Amino acid sequence: MGDPGLFQGTFELEEQVMEMLGAMLHLPYACGYISTGGTESNIQAVRAMRNRNRSIIHPNIVVPDSAHFSFDKVGDLSGIDIRRATLSDNLQVDTDAVNSLIDTNTVGLVGIAGTTEFGQVDPLETLSDIAIENGLPFHVDAAFGGFVLPFLKNKYKFDFEIAGVSSVTIDPHKMGLSTIPSGGLLFRHSLDLDNLAVKTPYLTISSQYSLTGTRSGAAVVSTYAVMRHLGRKGYGTIVQRCMDMTDRLVAGARNIGIQPVIEPVMNIVALDVESPTEIQSRLYEDFGWRVSLTRNPQALRLVIMPHLDNEIIDMFLANLDTVVNRS
Ligand SMILES: *Cc1c(COP(=O)(O)O)cnc(C)c1O
């Protein structure tokens with residue numbers, strides 16, 4: 001994808017992938033490109049916000065406190081002040097806190113459709129209203145949730161269906177099951193993509209909007225292949241299976257006296273155990289499980305990916321029971 005003028009076939013496939021992603025996100029004519037992942041997409045979305053408003057000397061954006069650490073990189077790279085809004089008890093961003101952080105130097109808002117740690121979806125329609133009232137672009141980080149939420153039985157509005165959403169991050173290399181690195185960045189307005197363009201004197205094209213220069217055509221081809229192969233039906237089956245395993249895990253955890261921090265929205269579960277770090281190391285040392293932790297509140301974090309099965313879930317629950325209740 002380094003020079004689309006020379007590698008036209010790959011470029012055409014990328015256009016088709018963007019069309020498929022756009023159709024999935026309620027905007028078939030969205031514009032954007034296949035990036036290296038959620039981090040690049042988030043960096044670029046914020047760069048576009050800043051470039052819309054170059055006259056602001058000390059720009060800031062408002063993100064939920066639950067935002068992925070890629071936003072720390074955004075702040076460090078760009079000098080844009082990243083203002084983190086506090087969360088409500090259910091771990092969605094508190095929209096009053098978002099409102100109170102907006103000032104004349106604010107260039108955009110961010111909401112998360114599936115937080116990395118808890119799998120929670122922010123009140124995106126309210127955030128969209130706030131963005132519209134303040135004339136701000138609104139970016140939705142659906143890096144993980146983008147390939148989950150459209151396929152859940154419970155429907156969540158999270159994408160361009162919401163009027164104020166101006167850009168979306170969605171990662172084919174997470175629940176899209178494509179190869180790494182495959183990220184997606186989509187804009188509602190082509191002006192935002194134009195705002196990212198730099199002149200490219202020695203290529204067959206005159207400008208480039210990606211953050212990386214030369215980029216892998218394999219990301220485009222594998223995403224095209226897996227999306228065409230699975231289709232909405234295929235993703236639907238996979239997501240449903242992951243949610244069934246998630247329900248099994250949560251029911252099993254409740255049976256041994258452990259509650260989830262929030263009722264899972266997606267296939268991400270945070271289990272509220274006493275002394276999580278100790279449980280984490282016992283699970284590894286005694287049984288070989290590698291379990292991550294959430295930060296605030298601290299809990300055991302489990303992502304129920306398609307390679308798991310019920311037998312593995314039951315095995316984990318039995319070991320968790322031993323660690324938590326029988327020692
Ligand atoms: C994973 C994730 C990212 C970062 O994506 P990478 O592909 O690892 O760069 C950003 N935001 C959210 C919500 C994520 O879950």
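Between which strand and which helix does the loop that holds Ser66 lie?

**View 1. Ser66 in its loop.** In this predicted model, Ser66 sits in the loop between strand 2 (60-64) and helix 3 (70-78). The relative accessibility of Ser66 is 13%, so Ser66 counts as buried, the cut-off being under 20%. Apart from neighbours within four places in sequence, the residues in contact with Ser66 are Leu87, Ile112 and Thr115.

**View 2. The interface of domain 1 and domain 2.** The domain assignment divides the protein chain into domain 1 (8-229) and domain 2 (232-325). Their C-alpha centres are 28 Å apart. Contacts join 27 residues of domain 1 to 23 residues of domain 2. Between the two domains an area of about 2,200 Å² is buried, and carbon and sulfur atoms give 67% of it. Glu117, Phe118 and Phe151 account for 32% of the area that domain 1 buries against domain 2, more than any other three residues.

View 3. The interface of domain 1 and domain 2 has 1 salt bridge. Glu117 and Arg295 meet through their side chains in a salt bridge, at 2.5 Å from N to O. On the side of domain 1 that touches domain 2, helix 1 (8-24) and helix 7 (217-255) are the elements that give two or more residues. The residues of that side comprise 16 nonpolar, 8 polar and 3 charged.

**View 4. Arg83 and Asp103.** The model has 11 salt bridges in total. In one of them the side chains of Arg83 and Asp103 meet at 2.9 Å, N to O. This pair links distant parts of the chain, 20 residues apart: Arg83 belongs to strand 3 (residues 81-85), and Asp103 to the loop between helix 4 (95-101) and strand 4 (106-112). Arg83 counts as partly exposed because its relative accessibility is 22%; Asp103, at 31%, is also partly exposed.

View 5. Arg282 and Asp286 are both in helix 8 (residues 276-287), 4 residues apart, or about one turn of the helix. Their side chains form a salt bridge of 2.8 Å, N to O. Arg282 is partly exposed at a relative accessible area of 26%, and Asp286 is partly exposed at 41%.

**View 6. Asp321 and Arg326.** A salt bridge joins Asp321 to Arg326, with the closest N and O atoms 2.3 Å apart. Asp321 is buried, its relative accessible area being 11%, whereas Arg326 is exposed at 60%.

Technical notes
Residues are numbered from 1 along each chain as its sequence is written. This is a predicted model: local features need pLDDT of at least 70, side-chain atom pairs count only at pLDDT 80 or more; totals for chains, interfaces and linings use all residues. Side-chain values use heavy atoms; hydrogens and water are left out. Buried means under 20% relative accessible area, exposed over 50%, partly exposed in between (1.4 Å probe, protein chains only). Contact means heavy atoms within 4.5 Å. Domain bounds come from an automatic or database domain assignment. Buried area is the accessible area (1.4 Å probe) that two parts lose on being put together, summed over both. A salt bridge is a side-chain nitrogen of Lys or Arg within 4 Å of a carboxyl oxygen of Asp or Glu. Ala, Val, Leu, Ile, Met, Phe, Trp, Tyr, Cys and Pro count as nonpolar, Asp, Glu, Lys and Arg as charged, and the others, Gly among them, as polar.
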